[in-house]
Amino acid sequence: MGKKTTPSVIYFTLKGIVAGIFDTSVDLRRFQRIWKMIQGKVGCVVKTPFFRSGGQNLRQFMTSPVLLKPRKQKHLSESILNDRKSIAEREIEVGVLLDNTHQLLLNSNGNLEPVGTALDGLFGRLNEQRLSCTPEQWQMLIKICRSHPLLSTIHEDPFTGRAFAKPRGYAGDAELIDLIYGPEDRVPEPTATPLGLDIYRYNSSAPAAEGVRARRGFIADLIDTTSNEKPGQHILAIAAGHLREANLTTAVRRGRIGRFVALDSDPISLKEVERAYGSYGVETVPASFGVLLTNRLQIGTFDLIYSTGLFDYLNVNTGRRLVTTMFDMLNPGGQLVVANFLPGIRDIGFMEAFMDWKLIYRTRQDMVDLTAEIDESEIGHLSLFAEENQNIIFLRITKK
Ligand SMILES: C[S@@+](CC[C@H](N)C(=O)[O-])C[C@H]1O[C@@H](n2cnc3c(N)ncnc32)[C@H](O)[C@@H]1O
């Protein structure tokens, strides 16, 4: 687990709190506050048998409506307040925002500070609009963004430009994700106009990009930790992209992994995996995860199966089927990990308007919902862990 997690402490703390609630008065508000604090600060680790004996099963506990209430209420009251604004008012507001941002960018003269100020304002205001208007109004505001000259200026940033252009025919290809890993991997910056490069520097350090880097770091640490505990394990990465977590692990380079399979539907991405990591024994499987769901592809069983950057595109039914299939492909004692963006990051408005990059954001409850079709008696542990900036959440399940 991540650095901050102390599973046994959290388990016993949680057990104590829940026991208090069930034994004495049902102070759900107090429990909810503590539960949110635990989730927010250190992730959570819950041992399923306890909840069975405590009168609730794990999924009921995690998805209980009282835990869902605050966020929904906040969002609702915000929308009601702001919905009073007409679309005409909003169009004017967004038009002024786009004009001002454009002027600031064009006059930045190679200084990062005004670029940061301009983009901070654009990201923040677009997200405020998105959160406070109806989906139909938001689509109209997106159209305004797309027809403003600011769009082509912003697309001088190769990251935003590529996301919008989708040269591989889909959003979030591995080349694009490499532009996020680039600063951490110390690879040369991409070619762009001076202003484009400044915008890239801003974007590649924005919360969404930070989250993607933290996600890779989490997986790399997990591979190293589990390979130390159990050398020779078999690992499967689903929607592996360029498998860049392999850059950060020592287990790959020191031959501590028995079998490492990278599955992705994009054969161009897998060519890069072969080039970069083939000599370390990494195998590639060019296939859609869909063939796993229907048992049309037998690639073995694994001790660790993970998927990052895929569930953000999957609806709940497909997500559940894939989580169940991953679980079925685990060896006894094995574990699966899936990552997803949490709702509420500031970048969403900008991503949808200027990158045409629409993701499915999942709450903690949504993540637990993905386990609905797994036989609970086969689950050893189920845990949720948000990376330190609270942009990305991980669901981790071990098999008995
Ligand atoms: C955002 S990238 C994530 C790459 C990598 N896991 C990471 O975190 O850096 C999404 C990847 O999902 C792959 N992908 C999309 N649809 C897929 C499918 N149906 N089956 C397998 N891979 C898929 C894409 O080719 C792409 O490499």
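Which residue of S8 is the bridge partner of Ile379? Select Ile379 and then Lys399, for Lys399 is that partner in S8.

Before continuing, note that residues are numbered from 1 along each chain as its sequence is written. The model is predicted, so local features need pLDDT of at least 70 and side-chain atom pairs count only at pLDDT 80 or more, whereas totals for chains, interfaces and linings use all residues.

**The whole chain**

Display the chain in cartoon form. Its secondary structure comes to 19 helices and eight strands; helices (H or I, at least four residues) and strands (E, at least two) are DSSP runs, numbered from the N terminus. Of the 400 residues in the chain, 37% are buried. A residue is buried if 20 or more other C-beta atoms lie within 10 Å of its own, exposed if 12 or fewer, and partly exposed in between, with C-beta atoms placed from the backbone. Among the contacts with a separation of 6 or more, 76% are between residues 24 or more positions apart; two residues are in contact if their C-beta atoms, placed from the backbone, lie within 7 Å.

**The hairpin of S7 and S8**

Select residues 379-386 (strand S7) and 392-399 (strand S8), which run antiparallel and are joined by six bridges. Two strands pair if DSSP finds at least two bridges between them. Five residues lie between the strands of this hairpin, in which Gln390 takes a positive phi near 60 degrees.

Next, select Phe394, which lies in strand S8. Phe394 is buried because 23 other C-beta atoms lie within 10 Å. Apart from residues up to four places away in sequence, Phe394 touches Phe218, Val337, Ala339, Leu384 and Phe385.

**The nonpolar core**

Now select Ala237, Ile305 and Leu336, the residues with the most contacts inside the largest nonpolar core, which has 89 residues. A nonpolar core is a set of buried Ala, Val, Leu, Ile, Met, Phe, Trp, Tyr and Cys residues joined through C-beta atoms within 7 Å. Helix H13 (residues 207-229) provides the largest share of this core, seven residues. At least three residues of the core come from each of domain 2 (77-207) and domain 3 (215-399); these domain bounds come from an automatic or database domain assignment. Centre the view on Leu336, which is in contact with Ile305, Tyr306, Met326, Phe327, Leu330 and Ile397, leaving aside its neighbours within four places in sequence.

**Helix H7**

Select residues 112-132. Helix H7 has 21 residues and reaches 30 Å from its first C-alpha to its last, close to the 30 Å expected at 1.5 Å a residue. The expected span is 1.5 Å times one less than the number of residues in the helix. Colour Val115, Ala118, Leu119, Leu122, Phe123, Leu126, Asn127 and Gln129, which are buried in H7. They cover an arc of only 160 degrees around the axis and so lie on the same side of H7; the arc is that of the directions from the helix axis to the C-beta atoms. These buried residues pack against helix H6 (87-106), helix H8 (135-146), helix H12 (194-203) and helix H18 (348-354).

**Tyr200 in helix H12**

Move to Tyr200, which lies in helix H12. Tyr200 counts as buried because it has 22 C-beta neighbours inside 10 Å. Its contacts, leaving aside neighbours within four places in sequence, are Asp157, Pro158, Phe159, Pro190 and Ala192. Tyr200 and Pro158 are 42 residues apart in sequence and 6.9 Å apart in space, C-alpha to C-alpha.

**Helix H15**

Select residues 267-277, where Ser269, Leu270, Val273 and Tyr277 are the buried residues of helix H15. Viewed down the axis of H15, they fall within an arc of 95 degrees and therefore line one face of the helix. Pro267, Ile268 and Arg275 are exposed on the other side. The cover over the buried residues of H15 includes helix H11 (174-185), H14, strand S3 (257-264) and strand S4 (282-286).

**Two loops**

Finish with Leu243, in the loop between strand S2 (233-238) and helix H14 (245-248). Leu243 has a positive phi of about 55 degrees although it is not a glycine. Most residues other than glycine have a negative phi. Is Leu243 buried or exposed? Leu243 counts as buried, with 25 C-beta neighbours inside 10 Å.
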